[in-house]
Each structure stands twice: as structure tokens, then as C-alpha cells.
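Have a look at the sequence and the fold, then read on.

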Amino acid sequence: MSATVTAEKAAPPAPTRSRRMSLPRVLLLLSGALLALCAVRVITGADNITGSSQIAAALSLAVPIGLAGLGGLWAERAGVVNIGLEGMMILGTFFGAWAGYQWGPWTGVVVGVLAGAIGGLVHAVATVSFGVDHIISGVAINILALGATSYLAKRWFEPLSHLGASPKQSPAVDDLPSFTVPGLSDGLKSLESHHWFLVSDVAGILGGLVTNVSALTALTVLLVVGSYFVLWRTPFGLRLRSCGENPLAAESLGVNVYLYKYAAVATSGALAGLGGVFLAMVRSHIYNEGQTGGRGYIGLAAMIFGNWRPGGLAAGAGLFGYSDALQLRNGGTTVHALLLLIAVVLVLLAVWKIYRKSYLTGAVSAGFAVLVLVWYFMTDTVPNEMVGATPYVVTLLVMALAAQKLRMPKYNNKPYRKGQAG
């Protein structure tokens, strides 16, 4: 007796949706955000929302956050968590200003970057070579950097009081070059002054991006674009990212995992150091103790918000820079106007969550929307103390909303030894 066995064809796997945002979706989101800002400006009369001065301040404040986040991206793509970005930024501020007042601003830039890179190498030695927990090593670097610069400031800057220095402050450093696009800046300023819907808003945003732009800002833009091409379009970048995803497989293909991790963490420290240099030599022209203000941690939040990709990181840094700049430009009134926008976003989020049958999250979002609306209609401004806390509140909100769609490199913060992984 013969039996026939029929094998059922395996059903094709269901297509999976890509987590990456396509260009049309990104443009649609940006257009929607711009129209919402325009509407809020017209309704509330808060012209600072899209004013060129607000955008210029936001760009200046976004640069050090973006550089810190870019440093975190390089390290974490190789599988090393760099909590020490704050300390590396501190090293950049101190040594950049110290060298800058003696030998000129560009020498200060180079020395500040090298100081950050040395901090990165110390982190690499601890985590890659000796297997120290990444978080512990990063926190230790933050503490050591703060202590070392405080000690050296007293030794090096206190004797220079005749130059305006003090135990917590360096002498003034000469300006780095900046540029304004001739003709275009004045034309955009004229359009902005008419306060037309959308047209003046676009003019204000573009005007803030082409007026009195520091050379380090332009360099930062090149570094973000260059990081994307190096990490995603070159064999070097592919090998480096493989060290963060599966170092054992990378090792089996001949990749020197230790070398790539060291290169990534040193680059991470150098970028954070450059962010510190920007704070000391562009934002204030001096070193001041505590001037980083937690921007290394906010840079990490921007990197996570951007899902470990340069484009998303840049968007996150811009958001945090914008929120940080609010306190510099009539912040109480501007933040009060933005409460209306926050309420609308929460309502849309509630509708979306309820549509996706996530009723609890939708109800919570709707509840917060009602509270924000009550706050908006019952007040005329926001206290200055709350305006100063805006960047940190935005950080918490963004991390809470974005946390469910994030994917970090697989072997992030995991120990690696040659011949074995995990």
C-alpha cells in the first residue's frame, strides 16, 4: 500500500512595517507642526514663537546638545553606553577656554576636542579593556571631570584676576568667526516684520538660520551629515555598527572589535568636547564652572528620541534647544502660548490611542489635555521658575512618549571578551 504525503506550502511571512520614517511622512509631520505653530502665533499673538531671534537662540542652544548626542550615538552604535558625556563636555569647556585665551580660539577648539577625546579613551579603557560597567564608568568620569576642572581652575585662573578671571571663571576668549548670508537675511527680516500667516513664520525661521551663524554651528551640521554617511554608507561604519549588534559575528569576519570600540568611544568624547568648546567659546566666551548644565544628559535623551540615528538626533536636539531658548525671549508669555499647542497635541494623541484601542493611555492623554486647557484659560503667563525647567520637562515628556518605539543596538552595555560575547 502506498501513501502519498502532501506537504503544505508554508505561508509567506506577514510583511513587517518598517520603523523608519519615510521622507514623505517626515515632510508631512514638519508641515503639520509648522502650521500648528503658525495658528498658535496668530491666536495668541505671541510672535516670538517663530521669530528669528527665537530660532537663532534655539539653534545656538541646540548645537552643544546635538554634539553630545552625536557623541553618544557613535559610542552606543559600537555597543558602549557613554553616560560620561557630561564630564567630557566639562573637559571641553575648561581646556578649550584655557588654551583659547592663551593661543587663540582655534587652538582652544583643538585642545578642547582633544581633552574630550582623552576622556573618551579613559571610558574605553575602563569599559572595553577592563569590563567595568558602562554606567559606573560614565558616572565616575563625570565626577572626576568636575573635580579636576574645579581644582585646576583655582590653580590656573585665580592668579589671573587682573584679566577678569576667578577660581570659577577663565579670562575672556576671542570670538570665533561667524557669518550672515548677505541680502537674504535682510529680506527675510522684512517679511517677518509683516506678521503674515505662514509667510512671515517661514521667513522668521529661515532668518534665524542664516543670521550670525557661528563657524562651529556650520561644522556641527557637517558632522551630523558626515556621521550618517560614515556610519551607514561605508564599510568602516558597517563594521563599527556590527560591534554594537553582534560583536562575536563581527569578530568571526575578521573585525578587530576592540579597535572599533576604542575608535567609537574616542570619537564620542571628541564630539562631546567640541560641544563643551561651543558653550565656552561661542555661547559665553569664557569658562564658567557648571556651565554645561546637564546638557550631556539631555544630549543622550536627544539621541534616544532620535532612535540612535543622526536625523532623529538632530530633530531632538532642535526640540530641546527650542525649549531651552524660551527662557531667553519673553519666556513666560511664549510658554503660555505653547500650552494651547500642547493641549491640541494631547487631544490628537488621545484620539489616536483610543482608535488603536489603547483606552487607558487615551484617557490619560485626554485628562492631561483638559488640565492644560484649564491652565491656559485661567492664566496669562507662566512663572519664570517653570520656564527655566521647560527643557527638562520636555525631556521627560519626549522620553515617555517615544519609549515604546525605540530600538537600541542589541549588545549595548553588554560585556565583550575576545572569542565570546554576551
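Is Trp98 buried, partly exposed or exposed? Trp98 is partly exposed, at a relative accessible area of 21%. For the labels, buried means under 20% relative accessible area, exposed means over 50%, and partly exposed lies in between (1.4 Å probe, protein chains only).

## Ground rules

This is a predicted model, where local features need pLDDT of at least 70, side-chain atom pairs count only at pLDDT 80 or more, and totals for chains, interfaces and linings use all residues. Residues are numbered from 1 along each chain as its sequence is written, and side-chain values use heavy atoms, with hydrogens and water left out.

## Overall build

The protein has 17 helices and four strands. These are DSSP runs numbered from the N terminus: helices are H or I with at least four residues, strands are E with at least two. The C-alpha trace spans about 105 × 55 × 40 Å along its principal axes.

As for burial, 45% of the 422 residues count as buried.

## Aromatic pairs

The structure holds 16 aromatic pairs. Rings of Phe, Tyr and Trp (its six-membered ring) pair if their centres lie within 6.5 Å; planes under 30 degrees apart are stacked, over 60 edge-to-face, and the rest tilted. Phe95 and Trp98 make an edge-to-face pair, 6.3 Å centre to centre with 85° between the planes. They sit about one helical turn apart because they are three residues apart in helix H3 (residues 85-103).

Tyr228 and Trp232 are a stacked pair, because their planes are at 15°, with ring centres 6.1 Å apart. These two are four residues apart in helix H8 (residues 215-233), so about one helical turn separates them. Tyr228 is partly exposed at 23% relative accessible area, whereas Trp232 counts as buried at 13%.
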